[in-house]
Amino acid sequence: MTNANNAPADSMNWPKPGDTATEAAAAQANAVEDSGAAPSRVQQREAAKREVGIRRARMTLSRIEPWSALKMSFLLSVALGIMIVIAAMVLWVVLDVMQVWGQIDELLVTLNSEALLNLGQFLHFGRVLAFAVVVGVIEIVLFTALGTLMALIYNVIATLVGGISITVTDE
C-alpha cells in the first residue's frame with residue numbers, strides 16, 4: 001500500500017491511537033510536510049491549539065517565603081541604591097558643566113557670611129557622592145527590611161483569607 005508520493009504507508013507520521021493530542025497534531029503536521037505542502041510554524045501551533053485547546057490553570061498564591069522575599073528585596077534595593085549614586089553623580093556633573101556650582105560659590109562669596117561659606121563646602125563632588133552613598137545604604141537596609149516584613153504580613157493575611165487567586169494560561 002502506497003500514498004500519492006509512492007512512499008510506503010508505514011513511513012508516514014500518522015498519529016497512533018495512544019498518542020496525546022499534541023503528539024497527534026505534530027504527527028499530522030509532519031504528514032502534511034511529507035506530502036509536499038509545508039505548513040508554517042503558526043499553522044502548526046494553531047493545529048496543536050485546535051487539538052488541545054488553550055490550557056488554563058487556576059492557582060492561589062497562599063504563601064511567600066520570607067527568605068526568598070529578603071533576597072529579592074535586597075537585590076532590588078541594591079540596584080536602586082546604585083541608581084541613586086549614579087543619578088547623583090550625573091546630576092552633579094551636569095550642574096557643573098552648566099557652571100551652576102561656580103555661580104553658587106560667587107553668590108556665597110558676595111554675601112560674605114561664614115555660615116553660607118561653610119554650606120558651600122558641602123557642594124563639592126566628594127561630599128555629594130558620599131551623601132548619595134549614605135542615602136543608598138540607608139535605602140538598602142530599609143527596603144530589605146520592609147520587603148521581608150511585607151512578605152510576613154502577606155503570609156498572615158493569606159492565612160486568614162486564602163491568598164491571591166490567579167489564572168495561568170498556556171498559549
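Just after helix H3, Gln99 adopts a positive phi of about 60°. The model is a predicted one, in which local features need pLDDT of at least 70 and side-chain atom pairs count only at pLDDT 80 or more, while totals for chains, interfaces and linings use all residues. Residues are numbered from 1 along each chain as its sequence is written, and side-chain values rest on heavy atoms, with hydrogens and water left out.

Helix H3 itself covers residues 66-97. Helices (H or I, at least four residues) and strands (E, at least two) are DSSP runs, numbered from the N terminus. The expected span of a helix is 1.5 Å times one less than its number of residues; for the 32 residues of H3 this gives 46 Å, and the end C-alpha atoms are 46 Å apart, which agrees.

Several residues of H3 are buried, including Pro66, Ala69, Gly81, Val85 and Ala88. Here buried means under 20% relative accessible area, exposed over 50%, and partly exposed in between (1.4 Å probe, protein chains only). The buried residues of H3 pack against helix H4 (100-111) and helix H6 (125-161).

With Ser77, the side chain of Thr144 makes a polar contact of 3.3 Å. Such a contact is a pair of N or O atoms within 3.5 Å; within protein, one must be able to donate a hydrogen and the other to accept it, and residues adjacent in sequence count only if both atoms are side-chain atoms.

The aromatic residues give a further view. Rings of Phe, Tyr and Trp (its six-membered ring) pair if their centres lie within 6.5 Å; planes under 30 degrees apart count as stacked, over 60 as edge-to-face and the rest as tilted. The structure holds two such pairs. Trp92 and Trp101 form a stacked pair, 6.1 Å centre to centre with 20° between the planes. Trp92 is buried, at 15% relative accessible area, and Trp101 is buried at 15%. Together with Phe125, Trp92 and Trp101 form one aromatic cluster.

Confidence is expressed as pLDDT, the predictor's value for each residue from 0 to 100. The protein averages 81, and 74% of the residues score at least 70. Over residues 7-11, pLDDT stays under 50. Where pLDDT is low, the predicted coordinates should not be read in detail.

Methods
Contact = heavy atoms within 4.5 Å.
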